[in-house]
Structure formats: structure tokens, C-alpha cells
Amino acid sequence: MDKEKILKDLENIVGKDFVSNKAEDLYIYSQDPGASLPRPVDFVVMPSTVGEIQNLVRSANEHKIPLVPLGGGLTLSGLVIPVKGGIVVDMKRMNKIIEINELSKYALIESGVTSGQLLSHLNENFPNLQPPVPDAPPSATIAGNVLIHGSGYLSQKYGDHGAMINGLEVVLPDGKVCKLGSCAVSKFWFARGPIPDLIGLFISSFGTMGIITKLSIQLFDKPKFREVVFGLLNDPKDIPNILLKITETGLAEDVLLGKQDKPDWMKGYVFVIAYVTGESQEEIDSHIKSFKRVYRKAKARYMKTPDRIRTAYLEKPIFAATAADFRKGGGFEYVGANMPLENIPEAYKRGAEISKKYGIIPTLGSRLIGGTHNIVMFFSYSFNRADPKDMENARNALHETNKLALELGGIPWKAELVGQQLILEKMDPNYKKLYNTIRSTLDPNRIMNPGNWEVNK
Ligand SMILES: Cc1cc2nc3c(=O)[nH]c(=O)nc-3n(C[C@H](O)[C@H](O)[C@H](O)COP(=O)(O)OP(=O)(O)OC[C@H]3O[C@@H](n4cnc5c(N)ncnc54)[C@H](O)[C@@H]3O)c2cc1C
């Protein structure tokens, strides 16, 4: 690899100020906030136009050097740390909110727009609309989130965030720009079809299919009032019953479950938080009454929501980091796994056992996606970032949890490299073949985030 020549080419494409190969700049790009070990990076670039990205892709093909697209870099599972070195393409400068369509209710944005940016733009200019955002820090990009099947407080009602993509503009691995969704045919980015739906190829493929430059995501009406209804279950076995009863009402906006041994009074219980929304306080009060009945019938103890919890959980998005048991050194990573409802009780029981085995305070949670169609389960592990042994301990716990999720019929979400390999081992061979054929056809030089979803046989 002629690094001098590559540096010159990159400087010509994005300008000297927006490329670096200096150790002090690359350091931060060689790691993420999760438990993965650092991996080497050769260059970082910060493009600002679609044309620059096309030229980057052409140059990477010429030099056969990997490209790794990066949004906020907050998945925690090492997805934006290059596996085979190469160029990290930091998308933060492509941060224009191009259009908010109030009638068809979508936002057309560049892919470096962060969730905090879109949220505050809507709050200031379109206070009746809300975007689908995760409970991640506000520097997470909308693109990075929807591209990993992310989820948030609108997901119980409307599904995961990947399902809310109306359209994409992508620079393919050969440098061509391609539009997907209604924007491929119409000037409106209002829908995904009705044409063959290729958008799915770009979701959870972790940057292996191309670089997304623009996207349209659905927006939703913002309710005037919102309240949390809090309950405690003694036995995780009762989870399916209460979730079916809650969703039957059709009244819940978001539904969260959790089990954590801190604070002490929560130890041993599974907490249930259902959100009710309405246009008036009377409507909210009536929904709360209905939920008290539901909780009683489902063997849950209704409780007035403790103030601290109410304040934290009424923030939308929630400041999720409060749920983690941060140790000295402040690291945490979780296995998120999409799971079928029938095995959620077992997931709570065995998840807590794994935490105890590794000496980590159990912090388990879940969120409904589209009613009870799909539950995202979070098995969270904290560690001391300054202690390599403690980080290794967390990695081992994560690995065992990925295996557990698969054993229980679930699928690890935004899986790190070893998790991806566990999924591939179980995957239908013809699914793997199809994915590999598409990938090799689009990207014969394997420049797009190689090492991820690597199908070996
Ligand atoms: C405290 C905390 C709470 C969280 N809570 C949630 C939650 O409630 N819900 C949730 O869904 N997630 C949550 N997460 C996980 C994660 O932070 C979010 O999903 C986040 O939105 C990911 O966005 P990002 O910009 O950081 O993506 P990145 O990590 O930068 O990227 C994610 C993936 O997308 C690819 N990618 C990024 N941009 C592009 C592009 N332009 N073109 C092609 N590929 C691209 C990357 O290569 C990578 O594979 C949480 C994380 C933390 C730390």
C-alpha cells in the first residue's frame, strides 16, 4: 500500500484540513465506548458532499483500501472500528436537514444529522412533530441508528426504526449514486414502495453495501400529554401475560421492562413501565385507571411512580445511561437481542445468572417492538475501562450472552464480530450465499467495511 500516494489523493478529494493519518487523530477512531479492543486505522476523512464520497470510493477501489462509514460511533459493539485497517469516513460534516414535509410527515436529511439536531430542529420549528430517536446520547446519527434496526419510544406502536425509512440515497461500492424508495421515481420521499424493496439490503449490513448520503425518515404526531404507569412483577414468568394484556388495550405508547439489583428496593422484581399519552389530563387519568386494572389482573403491583424514575423516564428520549451500573472507569456494553416473547422469562432468569457468574450487577431490560411481535432484550455489563482484565471479563459475559440469545431463539442485534460469526453459524446456508453473491457483485474489491458479516463457507 502506497500510503503517501493515498494521503495525496485523499487531500485532493476532501481538502487538507479534513484528512489525517496522524496518530493523535487516529487514536479516537481506533476504538469505541464499548468493550472491544482497539484496532488500527490508517486514515480518517471528513467529506462534505456526495461528489467527494464518490471520489473516495473510486480512490479506495484503485488502492484496494477499506472504507468504514462512521456516524456517532455509539453502537458500543465495535462496528465502526476497522477490522482490516483503512479509511474511516466520518460523516459528521454532512449534517443538513434538507426538508421537513409536514403533510406527508417525513424528514429528508443528510446522513451526518444527529438525533439531538433533528429533535431540537423539530422542537423549535415543528413542535407538533416528533422523530424516531433512540435513547442513545444525542450525538448518535439518525442514519447510524436506522441502519442498525434501532428502536426507541415510538417502536412499540410503529415498529423498529429501520421500518421507518422512506428512502435512501447511497453511493454504491463502485462510486455510482443510487436512489431507493419512492424518491427513485418521484420527487417526494414519502414511501418505500411500491417497487421492489432494496432498502433492506442496507439495514444491519454495517456499511458493507455502500455509503448512505441522504435518507428520509417518517415523523409522527407529538402527544400533548404523556405519563408513565409503573408496576412490579414478582415472577418473570408473568411477563408474557402482562405484555399481552397491555398491548390488547391499544393504549400504550411505549412499554419497557427491567430487572436490576440497584436501587435495593428493586432487587428481585421485574419492573414494568407503560406510557400513556393523550390530548388532555382527563384522558391520561382515564388511561391510568385502565392500566391499574390491567396490572392487577396480570399479578403486577401497581405503584405510584417514584419521582426520580418518573422524571428520568418522562424525558424522551430517556437518558439511558442512568440505568447502567457504572463502575469506576465508566465502561458499559450490552448485548441487545431481538427475541420472541415466549422465551423472555427464561432470558431474564439466565441473563441474571450470567451477570452473577461474571461478578457484574444484573442490569436487564426490554422494549416492545410493534406490540409483542418482537422484544428487544438488553443484557448490560459494566466494566472499568482502565482495567484490561475487567474488560475481558465483560467481553466473556457478552459472548456467553450472545450464545444464550441464539439458544433461546433470538438474534443478537448490532452484533460485534464474534457475535456475527455465531449468527452466521446458525444461518440458512442459502441466505448466506445470497448475501455473499450480492456483496461480491456490488463490491468485488471488498472495500466496504470488510471483516463484518464475513461469510467463510
Ligand atoms: C447509553 C446508550 C443508550 C442507547 N440506547 C439505544 C436505544 O434506545 N435504541 C437504539 O436503537 N440504540 C441505542 N443505543 C445504541 C446506539 O448508540 C444507537 O443505535 C445509535 O443511534 C447508533 O448511531 P451512531 O450514529 O452512533 O451509529 P454508528 O455507530 O456510527 O454506526 C452504526 C453502523 O452504521 C454504519 N453507518 C453509519 N453511518 C453510515 C452511512 N452514512 N452509510 C453507511 N453505513 C453507515 C456504521 O458503519 C455502523 O456499522 C444506545 C447506546 C448508548 C451508548
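In this predicted model, the C-alpha centres of domain 2 and domain 3 are separated by 26 Å, and the contact between these two domains takes 18 residues from domain 2 and 19 residues from domain 3. The domain assignment of the protein chain places domain 1 at residues 3-90, domain 2 at residues 97-221 and domain 3 at residues 225-416.

The interior of the protein was examined next. In soluble globular proteins, nonpolar side chains tend to be buried together. The largest nonpolar core here comprises 49 residues, and those with the most contacts inside it are Ile-100, Leu-118, Ile-142, Leu-168, Phe-202 and Leu-215. At least two residues of this core come from each of several elements, among them strand E6 (106-110), helix H4 (115-125), helix H5 (142-146), strand E10 (211-218) and helix H12 (417-426). Both domain 2 and domain 3 contribute at least three residues each to this core. The surroundings of one member, Ile-142, can be given in detail: when residues up to four places away in sequence are not counted, Ile-142 touches Ile-109, Val-113, Thr-114, Ser-115, Leu-118, Pro-132, Val-133, Leu-215 and Ile-217.

The ligand is surrounded by 35 residues, of which the closest are Pro-69, Gly-71, Gly-72, Leu-74 and Thr-141. Strand E3 (67-70), H5, E10 and E16 each provide at least two residues of the shell around the ligand. In the case of Ser-151, a backbone N or O atom is found 2.8 Å from a nitrogen atom of the ligand. Taken alone, the ligand exposes 970 Å², and the protein buries 97% of that area.

A further residue considered was Lys-259, which belongs to strand E13 (residues 252-260). Lys-259 counts as buried because its relative accessibility is 15%, and the limit for a buried residue is under 20%. Leaving aside neighbours within four places in sequence, Lys-259 is in contact with Gly-268, Tyr-269, Val-270, Phe-271, Tyr-348, Pro-362, Thr-363 and Leu-364. The C-alpha atom of Lys-259 is 9.9 Å from that of Phe-379, although these two residues are 120 residues apart along the chain.

Terms used: Residues are numbered from 1 along each chain as its sequence is written. This is a predicted model: local features need pLDDT of at least 70, side-chain atom pairs count only at pLDDT 80 or more; totals for chains, interfaces and linings use all residues. Side-chain values use heavy atoms; hydrogens and water are left out. A nonpolar core is a set of buried Ala, Val, Leu, Ile, Met, Phe, Trp, Tyr and Cys residues joined through side-chain atoms within 4.5 Å. Buried means under 20% relative accessible area, exposed over 50%, partly exposed in between (1.4 Å probe, protein chains only). Helices (H or I, at least four residues) and strands (E, at least two) are DSSP runs, numbered from the N terminus. Domain bounds come from an automatic or database domain assignment. Contact means heavy atoms within 4.5 Å. A residue is near a molecule or strand if one of its heavy atoms lies within 4 Å of it. A polar contact is a pair of N or O atoms within 3.5 Å; within protein, one must be able to donate a hydrogen and the other to accept it, and residues adjacent in sequence count only if both atoms are side-chain atoms. Accessible areas come from the Shrake-Rupley method with a 1.4 Å probe; for residues, only the protein chains shown count as cover.
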